[in-house]
Amino acid sequence: MGGFRLLDLVQFFLPVLPEIESPVEKIAFDEKVVYTVGGAFIFLLGQLPLYGLVSNAQFAIVDPLYNIRSIFAMEKGTLLELGLLPVITAAFIWQVAAGLRLINANLGLRYDRELFQTGQKLTAFALAVVYAAGLIYSGYYDNVIRGYDPLKDSTPIGSYVLLFTQIVSWSWLVTLMVEIFDKGYSFGSGVLSFLTLQVATNTVADLIGIEVFKVFNSNKSESYGALMNLVRNFSLFSPKKNAATIWHAFTRIQLPNLNQFYISLLTIGGVILLQNYRIEIPIRSTKVRGMSNVFPIRLLYTGGLPVLFAFTVLANVQVFGYFSTVVLSKLGAPQLLVSLLGKFELNPTSNNLNLKTGILFYLSNSTSLLQTLLSPIKTVVYAFSIVVLSVWFANKWSYISGSSPKDIAKQFKDQGISISGKRDISIAKELARVIPVASVSGAFLLAGLAVAGELLGGLGKGVATVVGVSSAFGVLEEFMLEYQQSGGSQFTSALSGLQ
Amino acid sequence: MANEGLEKLTEVPVEFFKDGSAFVKKCHKPDQKEYLKIVKAVGVGFIMMGVVGYAVKLLHIPIRYLIV
């Protein structure tokens, strides 16, 4: 077996898989803007409904995954049914495997890096197939397929194939678009850019969405946006009705409510505050005398990634847990075994499948503050697992991401920088004292913030906001850096020429 | 033996919190003026992105009627 690596297995797929070519020369600032906007536009188009379902299927689908949707941009009953879940899961699997040295990859070598990326893509493709097949097998779409009655007709294989093809091919397309972003055609990382976009769009839509939907299992129709609905139903003459309207705006489950919005707003403020906590290490140039500056080390050294990692793990537990309960009960396993894993119960007002008991129940988030208080064991287990996973990942990540103390020390040396009052050799030591502490405590605080939002009943919105805002900073920073380096954009100079 | 193991187990989180809180105390924190400036910048960017994204989402409505 000597010299055999798991990574080498990937090379058989290299010629088959579509690949984005790395840019030959540096992409100009304006071109990057065009790529970013174009990519974002295509991504948003993914929220078109699936062909072959009844209209407004998103209200009739019985949904077991409602609590992880907003984190992974999974839109119910649309092409983006799987959202970014396959891409993110695949990326984390490979990164963690490399970090734990389960696969032996030298990411400094070009060929290894290529294999590594292809492996990620392959995993994302495979996961998309698994998730889509699982969803369809579990009967997720059964009551929304057009012209199909689950009680009378036989299995609608044609519709199943159609749905499967749509979901999987769009998920593959998203994977490739993420690759375009990641290979330097655009600002920042693909996944994080898409997440930020999704969070921003949803925040605005949740507040002022003007579309009117018929509420499922009732004869009312309501606006999508929480504020919009409140304003629409507000009447000056019946204060009694207004109280009910306001109460409803905060508590409705099927459509976004104001409660979620305020949680998001608070979270945004918190993340921005934490983002600007930093330690400034005084540095000086070894080449030019008298040049001195500061090198900031952020508290959120690893950004939103640890939190995203923790939720990715739990989301996959949820998804695969749900699939296994369905498979087990379809195979006729004893009821006790199934309910040990997780027992789902339909909530008729929101059409969500709520977890009632079982292992999965303890690893799922609360739907409301009330539930948080009523089941304290679950609350503690859930919060604890998120925080521990985040902290663990942050600790590992600060060593494997190419920004470990050693790497930074090397960068310093290459650029002729040294820490004031320290000798060259002790730079790495000095950095090693600060960086791991920063990344770990940053991840701890951020995870705490995310969990707090969840426990208040944010239904994943709080987490999505934490990740979205903290990655928006990364994208924004890269944008500003490029902007300054390229000496401004041709767009702006063209615009200023007009005046 | 068991006592020692237990001590080690509690030592790690205690150390972690000590280091962490010391770090946070040492941190350079933004003052109110700086904070508000950043909030404004990020907020404007966020809302702009959201409004554009939502506009694209609204485009879906006519398409939806065409295909469903």
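The C-alpha centres of domain 1 and domain 2 of chain A lie 22 Å apart. This is a predicted model, in which local features need pLDDT of at least 70, side-chain atom pairs count only at pLDDT 80 or more, and totals for chains, interfaces and linings use all residues. Residues are numbered from 1 along each chain as its sequence is written, and side-chain values use heavy atoms, with hydrogens and water left out.

Domain 1 of chain A covers 1–186 and domain 2 covers 254–486; the bounds come from an automatic or database domain assignment.

**The interface between the domains of chain A**

| Item | Value |
|---|---|
| Area buried between domain 1 and domain 2 | about 3300 Å² |

Carbon and sulfur atoms give 70% of it here. On the domain 1 side, A:Phe29, A:Tyr66 and A:Phe92 lose the most area to domain 2, together 21% of what that side buries.

Two salt bridges are counted between the domains (side-chain nitrogen of Lys or Arg within 4 Å of a carboxyl oxygen of Asp or Glu). A:Lys32 forms a salt bridge with A:Glu482; their closest N and O atoms are 3.2 Å apart.

Technical notes:
Chains are lettered from A and ligands numbered from 1 in the order in which they are written. Buried area is the accessible area (1.4 Å probe) that two parts lose on being put together, summed over both.
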